[in-house]
Amino acid sequence: MRGRNQKLKLLYLAKIMQEQTDDTHGLSMSQIIAELAKYDIEAQRKSIYDDLAALDDFGIEIVKEQEGFRTFYRCGSRDFEIAELKILVDAIQSSKFITEKKTKELISKLEKNVSTYDSKLLNREVKVVGRVKSMNESIYYTIDSIHTAMGDNKAIKFKYFSWNVKGEEEFRRGGAYYEVSPWALHFDDERYYLIAYDHERKEIRHYRVDKMRDVSVVDIKRQGKTVFDKQDRAKYNEQYFRMYGGEVETVTLKCENAMANVIIDQFGRDVKFMKADDDHFIVRVSVAVSSQFLSWIIALEGKVKIISPDNVKDAMKSLISLSFTE
């Protein structure tokens with residue numbers, strides 16, 4: 001009597017080859033027959049030869065190798081190399097917006113792209129100091145809704161919150177919905193931002209995706225395309241996201257020579273250095289001036305100083321004054 005899973009033989013054969021073989025592990029024909037028997041599938045050598053050839057024609061590369069008097073079969077090239085999967089696993093584990101639960105789920109799915117032997121190499125632990133994994137998985141569905149809206153050329157609505165001193169979500173605008181036209185998603189500093197045209201304020205604004213709630217697509221055609229297209233997207237990203245928002249200013253900085261690497265890391269390689277003296281250089285950068293930007297300057301302990309404009313210098317003085325005021 002033939003096995004009850006006979007019609008699934010080709011599928012199970014593909015599963016066996018992908019899970020149990022790789023560049024350093026093969027199966028002999030007798031081993032393949034034995035593995036199929038575990039799934040209640042009877043198979044003859046000739047039929048397996050034909051099935052292996054069919055898998056190879058389909059795109060699952062089957063490599064035949066001779067070791068002495070024995071012949072072994074294994075999967076060859078795969079969609080992902082193990083080195084590529086290691087990079088993806090590291091990126092997932094170190095990302096703070098992906099929850100621990102979702103991290104395990106994603107890595108488990110990636111492991112299906114390699115053999116059981118190679119999957120052990122993906123059990124990596126990336127230590128990321130000072131980062132706390134997000135506890136809310138709604139961000140995945142929010143991003144999906146945003147992409148759906150952009151694909152359908154529709155607007156979205158959502159509630160937007162800030163954290164209060166009790167660590168609770170406190171909705172802005174009294175809990176009223178924001179209605180915007182989404183034009184782009186931007187990923188910066190381990191966070192997603194939505195770049196959208198605000199229907200009420202008639203301007204392009206950005207929103208932290210993890211602070212959006214009750215997101216839904218609305219049956220309104222997107223607005224603000226002309227305004228969005230007029231922007232220099234790369235410049236907008238650099239100005240608004242690198243320093244977390246604020247009014248954009250051209251700021252002149254005087255820096256110690258040792259700070260060249262820090263300046264390039266923060267503002268990119270296109271920034272132009274001008275010699276001030278033997279120990280210092282001058283740079284002019286366009287940046288969104290905010291308390292985060294000013295705090296970044298303070299953290300550099302006087303090695304980078306604001307030269308102009310005066311209003312930014314005054315903002316720095318005010319911040320320092322507030323820091324020492326009870």
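**Exercise 1. Find which residues H199 touches, leaving out residues up to four places away in sequence, and describe its setting.**

Step 1. Start with the contacts, meaning heavy atoms within 4.5 Å. H199 touches A155, E179, V180, S181 and Q223.

A note on the model before going on: it is predicted, local features need pLDDT of at least 70, side-chain atom pairs count only at pLDDT 80 or more, and totals for chains, interfaces and linings use all residues. Residues are numbered from 1 along each chain as its sequence is written, and side-chain values use heavy atoms, with hydrogens and water left out.

Step 2. H199 sits in the loop between β7 (191–198) and β8 (203–208); helices (H or I, at least four residues) and strands (E, at least two) are DSSP runs, numbered from the N terminus.

Step 3. Check the accessibility. H199 counts as buried because its relative accessibility is 8%; buried means under 20% relative accessible area, exposed over 50%, and partly exposed in between (1.4 Å probe, protein chains only).

Step 4. Look for a polar partner. The side chains of H199 and E179 are joined by a polar contact of 3.0 Å. Such a contact is a pair of N or O atoms within 3.5 Å; within protein, one must be able to donate a hydrogen and the other to accept it, and residues adjacent in sequence count only if both atoms are side-chain atoms.

**Exercise 2. Decide whether S181 is buried or exposed, and find what its side chain meets.**

Step 1. S181 belongs to strand β6. Its relative accessible area is 0%, so S181 is buried.

Step 2. A polar atom of the S181 side chain lies 2.7 Å from the backbone nitrogen of Q223.

Step 3. Beyond four places in sequence, the contacts of S181 include A155, I195, H199 and Q223.

**Exercise 3. Describe the largest nonpolar core.**

Step 1. Here a nonpolar core is a set of buried Ala, Val, Leu, Ile, Met, Phe, Trp, Tyr and Cys residues joined through side-chain atoms within 4.5 Å. The largest one has 27 residues, and F158, L194 and Y207 are among those with the most contacts inside it.

Step 2. Elements giving two or more residues to this core include α4 (82–94), α7 (138–151) and β4 (154–163). Helix α7 gives the most, with 6 residues.

Step 3. Another core, of 22 residues, lies apart from the largest one, with I263, V283, V285 and M316 among its members.

**Exercise 4. Work out how helices α2 (residues 29–37) and α3 (residues 45–58) are arranged.**

Step 1. Their axes come within 11 Å and cross at roughly 90°. Axes are lines fitted to C-alpha atoms, for helices over the stretch in contact, and angles run from 0 to 180 degrees between N-to-C directions.

Step 2. Zoom in on R45 in helix α3. R45 counts as partly exposed because its relative accessibility is 43%, and it touches M29, S30 and I33, not counting residues up to four places away in sequence.

**Exercise 5. Find which elements have the lowest and highest mean pLDDT.**

Step 1. pLDDT is the predictor's confidence in each residue, from 0 to 100. The protein chain averages 85.

Step 2. Helix α9 (residues 233–241) has the lowest mean (52) and strand β1 (residues 27–28) the highest (96).

Step 3. Where pLDDT is low, the predicted coordinates should not be read in detail.
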